Amino acid sequence: MAQTVLPSQINYAEQLPSLMSGVQNLTQVLNPVNGSTFTTDGAQIIIDFPSRGFIDGKSIYFSYNMSITSGATAGAVCRCPLYAPFSRVDLYINNSLIESINDYNLIACLWTDLYLGPNEKASVQSAFGYSNTDGAITKYDSRVLTAGAAQAYKVSGPLVCSMLSSMDKFLPAFACGQVRLIFTLDTLTNYVSHAANNPTAFSLSNFQVTYDIIDFGAEVEQAVLQMPQVVIKSSGFTQQSVSVPVGTAGNQSFIFNTRLASIRNAVLSSSAARDAVFVNGKFDSCNLAGGATATFTAGTPSTFALNIGGVSYPQSGPLTTANQSAILMELRKATGSLYDWSKASSINNLEFAYIETGRNTANSTDLTTNLEPAKFFVGFDLNKINSASNAMLNGTSSQNSPIVAQVSFAAATTLAKTLNLTSNYDAILTIDSRTKQISVLM
């Protein structure tokens with residue numbers, strides 16, 4: 001006779017996981033070990049975690065105070081003021097470099113635009129440092145500074161796009177040696193837009209990292225130490241760039257030597273030096289391949305595709321600006337938000353319409369602004385099953401071959417630019433509990 005299995009809604013005998021009475025959640029606030037105030041480009045901010053308890057990666061956030069002195073012309077902190085100052089974030093565990101995120105500010109700002117809608121940005125306006133003063137729901141980018149004066153502000157937010165904050169389990173700090181984060185500051189003029197005069201100085205102070213230590217007690221820690229190994233799944237982000245010289249035209253292939261075991265999604269963007277059109281410099285991402293009209297429905301279109309190991313993505317054919325709506329849907333699909341409306345991106349029609357010569361519309365100015373930067377992003381879903389799968393290595397491997405971006409230019413480029421490929425990949429961390437040695441498969 002078949003056994004009757006009760007639905008979970010009426011299975012009153014189901015056992016719920018329980019915690020021992022001595023479990024404690026201890027909130028820790030960490031300060032830099034190498035100073036309290038940072039005023040120079042390229043300065044490093046070093047944070048050491050104590051080797052105690054379990055680190056809850058989902059509880060990590062950082063805070064700091066910032067003061068920037070503008071030149072005679074008012075400037076603005078580009079895109080997301082919280083993340084803009086940091087060019088790189090490094091993660092060390094037991095003195096081994098586990099992760100180095102170059103162009104962290106670009107990656108984190110991309111994350112805010114792909115995963116936070118205008119409503120979400122409005123709710124964190126004060127914490128992320130946006131200086132929107134008129135309440136317009138579409139204007140949550142940048143922080144406008146006062147001309148010729150120092151402006152101080154305070155920001156705080158999560159450590160996004162890091163392996164440490166993306167782990168599916170708690171990290172046993174007592175079993176893996178010292179955990180260290182290093183934040184490297186970008187050049188001030190890279191992340192502050194300006195017209196005629198450069199910003200003259202900055203001061204970053206009161207930097208803190210806050211997180212929760214979970215203390216399960218000595219008995220649980222001893223049980224973990226007796227395990228042969230601890231395996232934790234996480235994810236990370238990396239970005240590589242190639243130069244696109246003046247006069248690039250026709251069908252072009254750009255090679256990215258990104259070697260990873262499992263890439264879940266990849267996003268193409270562009271950047272360039274600040275000029276009269278793109279006031280946000282490297283934080284403006286336009287369609288460098290060009291397009292004929294604002295809606296990209298007439299004239300010569302530009303197309304985009306990736307090729308990994310002889311397989312083209314998307315497999316249905318290159319994404320084309322003849323149908324810009326499909327590019328946006330592929331971007332949502334790639335980031336796992338096609339049907340998840342809690343992940344609403346913040347890319348409006350004007351921000352998506354920038355080509356190399358400016359905004360491609362008939363009823364608006366060509367220049368980007370601090371409140372409306374260029375945000376032309378092309379996403380590729382590289383998952384084997386779907387973007388919501390929790391399989392260990394669900395993405396596409398590029399370990400045996402580079403990633404080739406195939407771009408068809410609608411018109412020859414007139415400015416030197418950079419094509420960026422941002423990859424979101426799976427990572428498997430294996431810790432030897434006895435020796436505290438750690439290896440990473442990524």
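Q: What makes up the lining of the largest pocket, by class?
A: Its lining has 11 nonpolar, 13 polar and six charged residues. Ala, Val, Leu, Ile, Met, Phe, Trp, Tyr, Cys and Pro count as nonpolar, Asp, Glu, Lys and Arg as charged, and the others, Gly among them, as polar. By the way, this is a predicted model: local features need pLDDT of at least 70, side-chain atom pairs count only at pLDDT 80 or more, and totals for chains, interfaces and linings use all residues. Residues are numbered from 1 along each chain as its sequence is written, and side-chain values use heavy atoms, with hydrogens and water left out.

Q: Which strand gives the most to that lining?
A: Strand 14 does, with four residues. Strands are DSSP runs of E, at least two residues long, numbered from the N terminus.

Q: Why is the pair Tyr-64 and Phe-207 called stacked?
A: Rings of Phe, Tyr and Trp (its six-membered ring) pair if their centres lie within 6.5 Å; planes under 30 degrees apart count as stacked, over 60 as edge-to-face and the rest as tilted. Here the centres are 6.1 Å apart and the planes sit at 15 degrees, so the pair is stacked. By this rule there are 22 aromatic pairs.

Q: What makes this pair a tie between parts apart in sequence?
A: Tyr-64 lies in strand 4 and Phe-207 in strand 13, so the pair ties together parts 143 residues apart in sequence.
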